[in-house]
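Below is a short report on one structural model. It covers fold, packing and a few backbone details.

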Amino acid sequence: MAKPDTSFSRPSSSAVVASVAVVTLACLALYCTWRFTASRIEHNEHAWLAAQINMLVPAASHDNDLLDDRITLDAPEYLGDNNSATVYRLRRNGLPAGAVIHCLAPDGYGGPIELLVAVTYDGEVSGVNILAHHETPGIGNAFEFPGSHWLDSFRGRSLHNPDTAGWNVRKDGGMFEQFTSATITPRAIIKGVQHVLDFYQHYRERIFTTASMQP
Amino acid sequence: MNTPSTPSLDITWRQPAFLLPLFCLCPLLAATTSLAIGIGLAAVLCITTIITMLVTQTTRAFIPDSTRSFAWLMICSSITAIIELSLHAWNYHLFRALDLFLPLTVIAPLLIARTEMQAEQTSAATLAMRAVKMNAGFLLAAIVVGSARELIGDGALFSDAAAILGTSAPSIVLFPKNMGFLLAVLAPGAFIGLGLGVALYNWLWIHMPRKKTGHA
């Protein structure tokens, strides 16, 4: 026979005490773990980002500490709202040599795509990397897997090479390949890179004269 | 309406029993693109289930029946979150490889907790045995699927072991990566691989000389 006291009707006081105790202990344990791991997690993320950036820019192209020489800028007219760009500045002998711009391409199929775009001082793309995306699994293989060279097609491009119409997928009359019948993802990336170049061109002065953020 | 059936809480808790292992398939299929990642995932699961068992066993006496399912849900998810944070801090490569499938491993401790809930007070040894069996099965599946996918897709074994497992096990290279069969590393490859594995298992099951058993 079922015991009536296991129904929902009225929890016993011991049940309430036990629940509160479990929730409190769980929160406490989580908080302690978080406090304990936070600095290591931050360190890991930082190291990972550094590795990604160093993959994009050859060590010989700059002589400053790129990761510390960074600023964050808001440019809603080029990058959209809620999309501040973190700019890492490359300098050689004290002169600006280029930048690595970390921001979002907002129009991905599954949400924003996190981009890392390296540009030379003159505004020519020297490399593009995707840091994070939420596209359909498999679509990302065109740029995720080693041996896929789609992102290389940005190298050497600038705002005038190709012109505005060319900054698009083939299907839309542009000059970039789409991959495996997907157009939304490449379109978002292409537009994202184009907007980053636009942003860079208009903000270049400010990018290199603003004092770097306090670490 | 005091029918002698189980309370409603138990229905929601017991009914999807057959679904729970299915969710376990998710991390198994998605996160076993290489042998090292498969072993890493199995290790994570093993640690999670053992901790869950210890905690649920020790708290069992203090938690009344009526709140047990809530309390253990809370405990299981906290343990998984703690494991996730620890992995993020101490094994970043595995953390990135498992990605969003890490939270899904909560299913494993939930399964353990569920069997414990239904069982009468069982001895720790029985439960340990159960956890070991479950994890051994998962490890075996992860090794089979992981190594098959890595072999076919990348032409190598243990290619990422140094980063993920921290071992210096030599990686075995059969053929260069760009000759690999990409499908095997992608999600459909996992399903096809698992399907072939189950087919092989069934074939063996049918054709193996059988001792007398009750099943047909």
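## Conventions

Helices (H or I, at least four residues) and strands (E, at least two) are DSSP runs, numbered from the N terminus. This is a predicted model: local features need pLDDT of at least 70, side-chain atom pairs count only at pLDDT 80 or more, and totals for chains, interfaces and linings use all residues. Residues are numbered from 1 along each chain as its sequence is written, while chains are lettered from A and ligands numbered from 1 in the order in which they are written.

## Backbone details in chain A

A:P162 sits in the loop between α3 (141-144) and α4 (184-209) of chain A. The peptide bond joining A:N161 to A:P162 is cis, with omega about 0°.

A:N93 is in another setting: the loop between β2 (85-92) and β3 (95-105) of chain A. Its phi is positive, about 50°, although A:N93 is not a glycine. A residue is buried if 20 or more other C-beta atoms lie within 10 Å of its own, exposed if 12 or fewer, and partly exposed in between; C-beta atoms are placed from the backbone. A:N93 counts as exposed because it has 8 C-beta neighbours inside 10 Å.

## Chain B: overall make-up

Chain B has 10 helices and two strands. From the N terminus, the order is α-α-α-α-α-α-α-β-α-β-α-α. Of the 216 residues in chain B, 35% are buried.

Two residues are in contact if their C-beta atoms, placed from the backbone, lie within 7 Å. Among contacts in chain B between residues at least 6 apart in sequence, 76% join residues at least 24 apart.

## B:A97 and its partners

B:A97 belongs to helix α5 (residues 92-98) of chain B. B:A97 is buried because 21 other C-beta atoms lie within 10 Å. Leaving aside neighbours within four places in sequence, B:A97 contacts B:A31, B:I37 and B:I164. B:I37 is 60 residues away in sequence, yet its C-alpha is 7.0 Å from that of B:A97.

## Nonpolar cores

A nonpolar core is a set of buried Ala, Val, Leu, Ile, Met, Phe, Trp, Tyr and Cys residues joined through C-beta atoms within 7 Å. The largest has 44 residues; those with the most contacts inside it are B:A36, B:L41, B:C76, B:L98 and B:A142. Elements giving two or more residues to this core include α1 (13-56) of chain A and, from chain B, α3 (35-59), α4 (65-90) and α7 (124-154). A second, separate core of 36 residues includes A:L79, A:A85, A:V119 and A:V169.

Leaving aside neighbours within four places in sequence, B:A36 contacts B:F158, B:D160, B:A161, B:I164 and B:L165.
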